[in-house]
Amino acid sequence: MTETFDIAIVGAGITGCAIARQLARFDLSICVVEATNDIALGASKANGGLVHAGYDPTPGTVKAQVNARGCELYGTWAQELGFPFCRTGSMVLGFNDGDRAHLEQLRCNGLANGVPELSIVGPDRIHELEPRASADATCALWCPSTGYVDPFEVAIAALENAVANGVTFMRSAPVEAIEVAGSGDDARFTLATPVGNVCCRYLINAAGNGAANISHMAGAEEFQMVWRQGNIVVLDKEPRALMPLYPVPTPVSKGVIVTGTVHGNTVITATAAVREPGDTQTYASDVNALLNGAHKLVPDLDTRRVVRAFAGGRPVIKGTNDFFIGQSAVVPGLFQAAGIQSPGVASAPAIAERMEQVLRGAGVALHERADWNPIRRAPDDFDRAPLARKEELIESDPAWGQIVCRCETVPEAEIVAAIRRRPGAVSVEGVKRRCRAGMGRCQSGFCQSRVVAILARELGCDPSDVLLEDAGSWLVKGPLKGVR
């Protein structure tokens with residue numbers, strides 16, 4: 001089977017989903033081709049979700065050009081797409097005169113990059129802004145525009161809105177080969193996948209850690225991806241979420257950062273070590289480095305309250321510390337969005353905006369559709385809903401009163417809604433990312449078996465066929481006792 005589109009986007013991480021949403025407003029047929037069985041299964045789910053303001057990138061780099069703009073756009077994107085976003089501000093803490101000089105350099109970078117309202121503050125202001133910040137901090141770079149999101153929620157929301165506007169999502173479709181027919185402006189691409197071929201006039205490479213392979217298969221730029229692994233630790237919820245606190249950064253990393261999350265947890269993020277591609281193991285040495293780094297910033301942080309540790313790999317292009325966004329210089333019609341490491345989450349809306357500009361510059365006709373709808377209605381979050389809304393939901397369907405996940409107060413109806421959305425969840429972790437069932441203190445210890453049963457019922461399969469995550473991650477082997 002072969003399907004034909006104007007544009008194919010390879011990769012359903014936050015970058016690919018943001019681009020799909022940006023381009024869905026135009027009178028074009030678009031397909032997002034994803035190797036795994038769901039949205040945001042690569043670098044987009046394995047990071048701390050910080051919306052960095054843009055003072056860190058070197059002025060003049062592509063990162064610098066999209067970071068501050070992306071951060072600015074998050075307010076509009078959150079309002080239109082219905083995902084949680086907290087613009088809390090942040091501080092980079094300094095502890096000596098050398099740190100203060102580095103903070104001044106960051107402030108100058110930020111001003112050059114268009115970051116608003118940056119200032120260097122002293123101890124009194126530090127503790128007024130964040131009382132739990134280390135008393136040893138003598139100075140800090142205060143940045144009011146920093147915030148945080150759950151990056152997979154952003155990706156899911158963007159692609160749901162894109163699909164509602166006519167974009168096709170093809171999951172479990174790793175690209176195995178790319179054939180380029182014709183040349184110059186007449187080139188056409190055929191992507192071979194296990195679930196069918198995709199033909200397109202324009203190809204956008206947003207494949208994250210797989211971007212070099214896609215570029216190679218298309219006969220375009222040759223580059224190599226480096227797996228710069230990061231370990232991350234999640235702590236249980238706090239009475240008050242912490243403001244993001246950074247140390248003075250290193251040449252390859254922003255260092256160990258302590259931040260709150262949109263759902264009230266504390267996250268310690270992230271180490272930076274070059275490891276074998278695909279390595280998502282957590283390492284004791286890395287976790288200890290995170291905990292020690294966190295205590296330097298927040299001495300009273302109770303790191304015994306860890307509920308989860310995980311790791312992912314930043315998509316870094318070897319030999320550069322910058323993004324690669326633009327039309328291929330080798331294969332016309334191929335557009336690259338590669339090397340989207342940190343600050344990729346913060347930059348995603350602006351990367352999408354920039355890709356639109358690149359397409360226009362390449363002569364792609366972009367005519368806005370009359371029926372374009374930028375609004376995605378957020379699904380009901382039972383845990384956060386007012387009492388009157390809870391009662392209304394239960395009245396409409398008693399399954400809203402059947403709590404499956406106790407930690408996050410997620411009822412059966414909310415899980416069903418997560419599966420039935422377009423595109424919906426097809427795995428336990430897919431449910432978890434959409435409605436937080438299993439995201440709490442017990443990490444699915446109580447609710448996983450019930451989520452499996454609901455997935456099996458909704459997907460029309462046996463519980464033994466239900467996956468934890470991607471292909472091959474079965475949870476159940478053999479007959480189950482007492483499954484309804």
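Author: One term first: a crossing is left-handed if the near helix is turned anticlockwise from the far one by less than a right angle, and right-handed if clockwise. This is a predicted model, where local features need pLDDT of at least 70, side-chain atom pairs count only at pLDDT 80 or more, and totals for chains, interfaces and linings use all residues. Residues are numbered from 1 along each chain as its sequence is written, and side-chain values use heavy atoms, leaving out hydrogens and water.

Reader: Thanks! So which hand is the crossing of H1 and H5?
Author: Left-handed. Helices here are DSSP runs of H or I with at least four residues, strands are E runs of at least two, and both are numbered from the N terminus.

Reader: And at what angle do H1 and H5 pack?
Author: About 30°, with their axes 8 Å apart. Axes are lines fitted to C-alpha atoms, for helices over the stretch in contact, and angles run from 0 to 180 degrees between N-to-C directions. H1 and H5 are therefore roughly parallel; angles under 35 degrees count as that, over 145 as roughly antiparallel, 65 to 115 as roughly perpendicular and the rest as oblique.

Reader: Which residues meet there?
Author: From H1, among them Ile14, Cys17 and Ala18; from H5, residues including Val154, Ala158 and Leu159. Contact means heavy atoms within 4.5 Å.

Reader: What about H10 and H11?
Author: They pack at about 110°, axes 9 Å apart, so H10 and H11 are roughly perpendicular. Glu414, Ile415, Ala418 and Ile419 of H10 meet Val431, Arg434 and Cys435 of H11.

Reader: Switching topic: how many residues are in the largest nonpolar core?
Author: It has 59 residues. A nonpolar core is a set of buried Ala, Val, Leu, Ile, Met, Phe, Trp, Tyr and Cys residues joined through side-chain atoms within 4.5 Å, and buried means under 20% relative accessible area, with exposed over 50% and partly exposed in between (1.4 Å probe, protein chains only).

Reader: Which element gives the largest share of this core?
Author: H5, with nine residues. Ile204 is one of the residues with the most contacts inside the core, and Ile204 touches Ile7, Ile9, Phe335 and Leu359, among others, not counting residues up to four places away in sequence.

Reader: Last one: which residues of H12 are buried?
Author: Val451, Val452, Ile454, Leu455 and Ala456. The buried residues of H12 pack against strand E20 (403-405), helix H10 (412-420) and helix H11 (428-435). After H12 comes glycine 460, with a positive phi near 65°.
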